[in-house]
Amino acid sequence: MKGLLRKDFYLLWRYFKFYLMIMAAVAGLAFADSIILIYPIFFAAMTVVGLTGVEEKSRWQLYTAALPCSRKTVVLEKYLFAALLLFPTTAICFLIAILIHFEPVIILLNLCAAVLLLSLFLPVQLRFGVERARLFYLIIIVAVISGFSALSGIQEEGGLTLPQLPHFYPALIGLLTALAAGISILCAWRLYRNKELA
Amino acid sequence: MNALVIEHLSKAYDKFRLEDINLTLPAGCIMGLIGENGAGKSTLIRLILGAAIKDGGAVSVLGYPNSAPQVKEEIGFVADEQVFPDRLTPLQLGKVMNGIYQSWQPETYRRFLNRFSLPPTQEIRKFSRGMGMKLGLAVALSHAPRLLILDEATSGLDPVAREDILDLLYEFTRDPDHSVLISSHIVSDLEKLCDYIAFLKNGRLMLCEEKDRLSEEYGLIRLSESELSALDPAAVVHKKVTPYGCEALVKRALLPRGIKASPIEIEELFVAMAKEETV
């Protein structure tokens, strides 16, 4: 696990300058437009997906079959790496949000959205690879956008009244996100354990 | 102790099937895996490593099932092309492997990098194919493996790089506990190196024999067509008709007394078996 994590962080380092630039730009621009704070967390989530693609390009997955680490470890490492990237990014965004008096709860909800996105993407990408997963991403994005536009259309016509959210809704969303991540890990492992590595 | 035992191994894909493979590689020996493109060499290696999921049969490595985690500590693998994330440098790769293998030997790895003149801080993506293969070997040999598996590791390399790799394999097998399974198209390399030859054709293992026994068992004869047709059909593995008569690859044991077969090179045997056409 330690070696696999080290490999991902070395790969991340190659993109780290870009990552730092984005964080600096976000920190600067957030004072003008605070909504920009939602991007770094998604960027971190997409970095995890991107690095999995880099590995696939070099056929690293085949090599992992020869390494003394189980397929379960390979899957768990990806989620642990995602956590190690997402949580510090969220912490930085959270601090900036406090500094500029932006609602910190939005940052936490943003983290939940990024985790949900990864929970959907990682099992598919680990099992089917980047090319085939792209189609899945497209379907998800189209479904989400269509869903939102349909919902707002109905709402504008006065046909839909959204229920009042309970005051503890951030905690509820956090709990549901953790549950989704757990299910995602199980799915990823089940999908990856019988994968033909080539 | 056997380094590798494969029993009734099978794997079916849509358009390809590896059927009932049985072979044994004794410890301390080098086995060459020969076959045309698509014969199943890489599939067999992937099954041994557990990268492909077998449909049936069993693979044991150094006395353990190939799925046992401790087995992987003992296997060094070199793929047919560069398989390391190419944005890493050899130095970083060494640190990655140090966190993966319990038996990782940083000093051995550093020595191999020096020996192969591999720049430790240059990104792997800038390496030539030969350098990539040498890096693969450096990694494979730096965690004290007892079984080395090489998939077409010498293909596409210039003669000097190939010679370097073959020299290293000779060194590795000086230890009687070390074994090698190597697949290659370059039969002359295997002929020099191997104790055993396994020949795959269309997913079936046609033979798996000690190299020295192959020349005892098979031979070449030159006869007229009528003389050849008088032989036991089982004796003739392959025949080639020329304007001057027939040239046939035969099993010496099935030849009638008085007919002497001349020795055959492994490469000739491989080509003949690949084009097998029993009379």
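What pattern does chain A follow when it is read along the sequence? Chain A follows the pattern α-α-α-α-α-α, with 6 helices and 0 strands, where helices (H or I, at least four residues) and strands (E, at least two) are DSSP runs numbered from the N terminus. This is a predicted model in which local features need pLDDT of at least 70 and side-chain atom pairs count only at pLDDT 80 or more, while totals for chains, interfaces and linings use all residues. Residues are numbered from 1 along each chain as its sequence is written, chains are lettered from A and ligands numbered from 1 in the order in which they are written, and side-chain values use heavy atoms, with hydrogens and water left out.

**Chain A overall**

- The C-alpha trace of chain A spans about 60 × 40 × 30 Å along its principal axes.
- Of the 198 residues in chain A, 41% are buried, a term that means under 20% relative accessible area, with exposed over 50% and partly exposed in between (1.4 Å probe, protein chains only).
- A:P166 has its place in the loop between α5 (104-156) and α6 of chain A, and this residue counts as partly exposed, at 30% relative accessibility.
- Between A:P166 and A:M23 there are 143 residues in sequence and 33 Å in space, C-alpha to C-alpha.

**The largest pocket**

- The largest pocket has a volume of about 490 Å³; on a 1 Å grid over the protein atoms alone, a pocket is an open set of points where a 1.4 Å probe fits, with protein on both sides within 12 Å along at least five of seven lines, and a volume is the space filled by probe spheres set on the points, which are joined across faces, edges and corners.
- Its lining has 24 residues, of which A:R71, B:L49, B:G50, B:S67 and B:K72 lie nearest the centre, and a lining residue has an atom within 4 Å of a point.
- Two or more residues of this lining come from each of α4 (71-99) and α6 (169-193) of chain A and α1 (41-49) and α2 (69-73) of chain B, and the largest share, 3 residues, comes from α4(A).

**Aromatic rings and charges**

- Over all chains there are 10 aromatic pairs, counted when rings of Phe, Tyr and Trp (its six-membered ring) have centres within 6.5 Å, with planes under 30 degrees apart called stacked, over 60 edge-to-face and the rest tilted.
- A:Y63 and B:F84 form an edge-to-face pair, at 4.9 Å centre to centre and 70° between the planes; this pair crosses between chains, from helix α3 (residues 60-64) of chain A to the loop between β6 (75-78) and α3 (90-98) of chain B.
- A:R71 lies over the face of A:Y192, 5.8 Å from the ring centre, while the charged end of A:R193 sits over the ring of A:W189, 4.9 Å from its centre; the rule asks for NZ of Lys or CZ of Arg within 6 Å of the ring centre and within 35 degrees of the ring normal.

**Strands of chain B**

- Strands β1 (residues 2-12) and β4 (residues 56-61) of chain B run antiparallel and are joined by 5 bridges, and strands pair if DSSP finds at least two bridges between them.
- B:V61 in β4(B) is the bridge partner of B:L4.
- β4(B) also pairs in the antiparallel sense with β5 (residues 64-65) of chain B, over 2 bridges.
- The hairpin of β4(B) and β5(B) has 2 residues between the strands, and there B:L62 takes a positive phi near 55°.
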